Amino acid sequence: MSKALVVYYSYSNSTKNLAESIALLTEGDIRELIPEKPYSFSYNGATKEVRNEIERGYCPKLVSGNEPKNNYEYIFIGTPNWFKSFAPPILSFLRSVDLSDKIIIPFCTHGGGGFGQIETNIFKECPNSKLISGFDTTSDFHDTQVETWLDNIGLLA
Ligand SMILES: Cc1cc2nc3c(=O)[nH]c(=O)nc-3n(C[C@H](O)[C@H](O)[C@H](O)COP(=O)(O)O)c2cc1C
């Protein structure tokens, strides 16, 4: 199997923790998507900013994470659930790389809303990729849950 790549955006580190667990358990590489302009650290400020960006399909400029992905067959894509969808840096990533021959595995952390529209919206952006069953959790997860999921989809190293 080609090595997996774990790409993620995280605002307050929950998705980052999950991404690190996935990378460790798959022996994959990991890349963080970093927007040029970080989101406001005040929750209310970030909320207004983000809602507006999601509504207009805004793609923030990334300073890291969207380099070519040619050597990987499996791409894990991780995001917090923001207003039932993925965070805008994910849209920037999906629109800047060609993932048509890749197998995409979504994962997210959330405050109770699960994936919401995240998987559907990733599929809309990547109609020619294969999407396989993802993993969603609140920030309170254990590595054993991640391990079980990876084992089920055949990607546990
Ligand atoms: C702007 C914003 C919008 C959010 N919208 C939702 C939502 O619609 N549904 C939900 O379950 N959680 C929502 N959350 C909670 C986050 O998904 C949750 O805290 C997540 O674990 C944060 O991941 P992170 O630490 O990687 O940024 C929202 C959080 C923020 C900051």
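**Exercise 1.** Describe the shell around the ligand in this predicted model by residue class, and state which residues come nearest.

*Solution.* 
Step 1. Sort the shell by class: 13 residues are polar, 6 are nonpolar and 2 are charged.
Step 2. Look for the nearest ones. Among the 21 residues around the ligand, those that come nearest are Tyr 11, Thr 15, Pro 80, Gly 111 and Gly 113.
Step 3. Relate the shell to the helices. At least two shell residues come from helix H1 (14-26), and at least two from helix H2 (43-55).

**Exercise 2.** State how many helices and strands the chain has, and why it counts as being as compact as a globular protein of its length.

*Solution.* 
Step 1. Count the elements: there are 5 helices and 8 strands.
Step 2. Compare the radius of gyration with the globule rule. The rule gives 15 Å for 157 residues and the chain has 14 Å, which is close, so the chain is as compact as a globular protein of that length.

**Exercise 3.** Find which residues of helix H3 are buried, and what covers them.

*Solution.* 
Step 1. Take the helix as residues 88-96; 7 of its 9 residues are buried. In the chain of 157 residues, 37% count as buried.
Step 2. Name the buried residues of H3: Pro 88, Pro 89, Ile 90, Leu 91, Ser 92, Phe 93 and Leu 94.
Step 3. Identify the cover. It includes strands E1 (4-8), E3 (34-35), E4 (62-64) and E5 (74-80), together with helices H2 and H4 (118-125).

Note on methods. Residues numbered from 1 in each chain as written. Predicted model: local features only at pLDDT ≥ 70, side-chain atom pairs only at ≥ 80, totals over all residues. Near = placed C-beta within 6 Å. Helix = DSSP H or I, 4+ residues; strand = E, 2+ residues; numbered from the N terminus. Nonpolar A, V, L, I, M, F, W, Y, C, P; charged D, E, K, R; others polar. Rg over C-alpha atoms; globule rule 2.2 N^0.38 Å. Buried ≥ 20, exposed ≤ 12 C-beta atoms within 10 Å, placed from the backbone. Contact = placed C-beta atoms within 7 Å.
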